[in-house]
Amino acid sequence: MDVSTKASGSARKNVTTACRTCRDSKTKCDGVKPECTPCVRRGRACEYEAREDKRRVPLRPALHILRKRVDDLIEALEKAGVELPPLVSEDQHVANRGLEAVGLPVLRSNTRAPSDLGMHESPGSLLDANGSTPEVSVPRHSQQHNELQFPTPTTSWGQVHPDIIDHMDDQIALDDWPTMTWNETVSPDWPWVPLSDQELGVCLPRPDPSDHEAPNQFISTSAQTATGSDEEDEENQDIVNQIAARFGSLQLAPDGKLRYLGTPANFHLFGTGRSVAATTNARSQRLEGKRLLHRLELDQAIDPSLENHLIKIYFAWHNASHAVIDESTFWLARQQQTEIAEVAGIYSEVLVNAMCAIGASYESRYHPDLATFPRTLADFFAERTKTLLELDLDSPSVSTIQALLLLSSHEAGNQRIARSWLYGGMAMRLCFDIGLHIDTTPYVDHGVMSATESQARQTAFWASYVMNYRMSFSLGRPFTLDGSEITVKKPTPDTFSYTELWHPYPRTIAPNPQSSGGLALLDVISAQRINLCETVEPIARALYGNTRITLKTLQEHSERSVHAMLTWKKNLPPSLHVRADYAEDVVPQVLVLHLEYHYLQILVHRPWTSRRHQPVPAQGPGYRHARKMCIDSACDMAKILAVFERQFGLTRLDVETAQVLPSAALILTFATVSQTHVEQRQMLEASTANEKESSNGMIISHLNTLFRALDELGGRHSSAKDHLESLLVIQQKWNDMHKQQTSRSKKRRDANAPPRTDILRAAKRSKVTEGTSLD
């Protein structure tokens, strides 16, 4: 017999884990699963224990992870200034032998050993023990740039640290940077990116990438050498920097307008390729616009005085409450009507017509000196705006976005919801197209952009931001933005914000002689409205769009949001306070802000008014509290409307505010219909003044105020008329349903009650029993 054959035949299979039965009986087990051979032969139950084979534990990856963890801890201690304790030489020798055996770098005494793990470090590993980014040593151009670091520290990939954004102006001093020409290779990864066009006529100071470390400077030395020598990569470093660039910038497009383009668009590499003059669209908007207006019979001659009149109405009643355009800048550009203003985007015929469309909605439907029938005066200007907008979208600017926002308001007032939603979304998209979301302070500091243009860009962006959230709230549609990409500063009230005055226009329009005007407070109100929208947006999205969140979590989230809203109102500056018994001057924009606040309170509490929509087990204040909050907020809106009516008249309400009134009217309609006689009696017997005001009579009075407002606005906005008609139908329908339910409940009670004859007999028997007991 062959020795090898014998050896192989007599070799016993190594069984890693024997079954429990064989192990207990001290029997050899062959490890066959699901039942081993000895158990099958003897007819016994065969069971295996589910345990891991320790000989198959992956020790090499575990050591790899531990080695990396040691490096991270050593680095953290060194950053914190903590001296490392010395390592015993015998322990270091044993550890190094084990690390060498598995191919890992060895340890060094009191120093971090070079590691090849840098290639796999996560973004979080760039942060030190305190959560901040390690400081980077860079060459200094001057003593004023000792704190300037490249690249911009980040909290996560692509998210700029908020502290860096807030102090960007302090870190960037452009005048001291070395001058570079436009044709030099520059990576957009640095804090300042130029407008890449030679015809701009200036050479912006830029940091030279060759003077700084590459954006991948955090990768360890061993990781860099693993892919090639430093000498080989040095020749292509400038090219690599352009490929690896992350952040976009404002670029001068072929049409001569600013555009924001990220590095994936490769615009920072390709450039315009052609001069602005050679690529300017041949269709002049003025000439082509006149031709299109003539074709659509919209080319009637418009008296400039009529235009000015409608624009003043717009600024007095719409822009004062929802700031979209800076008034002083617009009038200056309109007087000059220079091409510079149009190129900068602060003035255009599209914008003028859009403003006239909104202003005309406050006037009579038709004008005696301008033949527009069957179009109303407002629709006439809106149609002109849409026609010219088609040309303006070929080369959009800030005024294009402003015109889209006003068109969105106009379409909402005429119940064209799809168009309103579309125009608002287009405005938000264009904000990112022309870079309104980025801070332009460095461009202003260097003189590339005027402070006026920068202010117009800021105002237009935040107006679009608020508009889209407002539409999302009112329509219950999802809309959200990634705030980490927005670096433009929010409106900040300055000294001028508390000195600029607002006056009604025309001066004779206000029914109350005391309504002569007051502080405009545009920046103050804009800042507060932005904060309010950002407070409500998460809970509104969860309540009306998130189907995966539990009721318990949703209720907790709602309670926190309501507390934040109450805190917002409590912390309003004194100039924005409003009282129901207001006897002194008040500007309409303050009243509008409070109307929006109470409307959002209804929005947050409305889903919790049903007893069946409460979490189980019960938590929070409950459905009765939600109903009371909705009713109280609707009553407060009616009170504010009464103040507005006394001061200015209901016809001066803007179209955006008109969209929130139906919700308040719906809540009060529900309150008047659903209250039982017991609830009404309890309200009338209430001891506090606030509870008495919530009685059925007061609720009916407040509902009447809301109905009157919608009726007054119905002559100007078809949406208000449609909402009022729908509310009246719903009121009648709910009254009928309530009567039917009350009648059915009464019949059930009567059916379950004992017959009246039985009650009389029981009463007689009780009397007989009482008489017998007395005898």
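Pro617 sits in the loop that runs between helix α25 (588-605) and helix α26, and in this predicted model the peptide bond joining Val616 to Pro617 is cis, with omega at about 0 degrees. A cis peptide bond also leads from Phe373 to Pro374, where omega is near 10 degrees, and Pro374 is placed in the loop between α17 (349-360) and α18 (377-392).

Most peptide bonds are trans, and most residues other than glycine have a negative phi. Against that background, the backbone departures described here are set out together.

| Site | Backbone value |
|---|---|
| Phe373 to Pro374 | cis, omega near 10 degrees |
| Val616 to Pro617 | cis, omega about 0 degrees |
| Gln415 | phi near 60 degrees |
| Leu521 | phi near 60 degrees |

For Gln415, which is found in the loop between α19 (398-413) and α20 (417-433), the relative accessible area is 30%, so this residue counts as partly exposed. Leu521 belongs to the loop between β6 (518-519) and α23 (522-545), and because its relative accessible area is 2%, below the 20% limit, Leu521 counts as buried.

Two packed helices are described by the angle between their axes and the distance between the axes. Here the axes of α26 (residues 623-647) and α28 (residues 661-674) come within 9 Å and cross at roughly 125 degrees, which means that α26 is oblique to α28. The crossing of these two helices is left-handed. On the α26 side the contact is formed by Arg627, Cys630, Ile631, Ala634, Cys635, Met637 and Leu641, while α28 contributes Leu661, Ala664, Ile667, Leu668, Phe670 and Ala671. Sorted by class, the contact of α26 with α28 holds 12 nonpolar residues, no polar residues and 1 charged residue.

The side chain of Glu307 is joined to that of Arg334 by a polar contact of 2.8 Å.

Note on methods: Residues numbered from 1 in each chain as written. Predicted model: local features only at pLDDT ≥ 70, side-chain atom pairs only at ≥ 80, totals over all residues. Heavy atoms only, no water. Axes fitted to C-alpha atoms, helices over the stretch in contact; angles between N-to-C directions. Helix = DSSP H or I, 4+ residues; strand = E, 2+ residues; numbered from the N terminus. Parallel < 35°, antiparallel > 145°, perpendicular 65-115°, else oblique. Left-handed = near helix turned anticlockwise from the far one by under 90°. Contact = heavy atoms within 4.5 Å. Nonpolar A, V, L, I, M, F, W, Y, C, P; charged D, E, K, R; others polar. Polar contact = N/O pair within 3.5 Å; in protein donor to acceptor, adjacent residues only side chain to side chain. Buried < 20%, exposed > 50% of the residue type's maximum accessible area, 1.4 Å probe, protein only.
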